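User: Please take a close look at one part of this model, the salt bridges, and walk me through how the charged side chains pair up.

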Amino acid sequence: MQSVRIRTAAFTVAAALSLPLTLGISASQASASDASPTATGTAPSPSPSPGNQSFGPDCSMLPQSGNGSAAQMAHENVATAVENNPNLSMLADAIKKTDLASTLKGLKGSTVFAPTNDAFDKLGAAKRDALLNDKAQLKKVLTYHVVEHKKITKSQLPHGTFTTLEGSTLTTSGSGDSFKVNGSVPITCGNIPTKNATVYIVDGVLLPPTATPSTPSTPSPS
């Protein structure tokens, strides 16, 4: 009888000791199970590929929202995006003068090099005004800024040669985030998406060989 009591007591003690251990294991498993969905649910979304991001020293100067911002340009066709950007107002006026808005709106998967107002001013007042008032010459110059049916990517810029809508070719060169068109015109903010074309803002007006304005001759000293 005494041995039965001893065995019963031993069993009770063992059960009591094993209960906290069992509860601890269950609690750990439950905690791990609860944590899994949370970790999965809060995983960060993948970052955009660097090749799809805008680049250049003046990208930070674009408005954060509204007219002229990269966010709004992405929802507009390229003609409207240019028209709504205050830094491209001279280009917008030139597009209207040459009736090229419908051509730009009809582009698909193309590239537009967009000279800023400062770029037009760098021509000098005489050359700038002469160009803006010569519809045929202006149209030739503007179509030289368009590469139709080709979305130029950043990876193609270091040694690029592209045929323009005007018919002549332009070249791109550079590395990192620093690129130039035709060896001298800087890309100040590139790879800006619009609904139907990629925009590269440039700090100079690109002139095709047959449309280069003549330089006034300097009188020789007497």
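Analyst: A salt bridge here is a side-chain nitrogen of Lys or Arg within 4 Å of a carboxyl oxygen of Asp or Glu. This is a predicted model, in which local features need pLDDT of at least 70 and side-chain atom pairs count only at pLDDT 80 or more, while totals for chains, interfaces and linings use all residues. Residues are numbered from 1 along each chain as its sequence is written, and side-chain values use heavy atoms, with hydrogens and water left out.

Across the whole structure, 7 salt bridges are found. Among them, arginine 128 pairs with aspartate 121 at 2.8 Å, N to O, and arginine 128 also forms a salt bridge with aspartate 129, where the closest N and O atoms are 3.1 Å apart.

Another salt bridge brings together the side chains of lysine 154 and aspartate 177, at 2.5 Å from N to O. Lysine 154 lies in the loop between strand 2 (146-147) and strand 3 (159-163), and aspartate 177 in the loop between strand 4 (169-175) and strand 5 (178-181), so this pair ties together parts that are 23 residues apart in sequence; strands are DSSP runs (E, at least two residues), numbered from the N terminus. Aspartate 177 counts as partly exposed, at 44% relative accessibility.

Note on methods
Helix = DSSP H or I, 4+ residues; strand = E, 2+ residues; numbered from the N terminus. Buried < 20%, exposed > 50% of the residue type's maximum accessible area, 1.4 Å probe, protein only.
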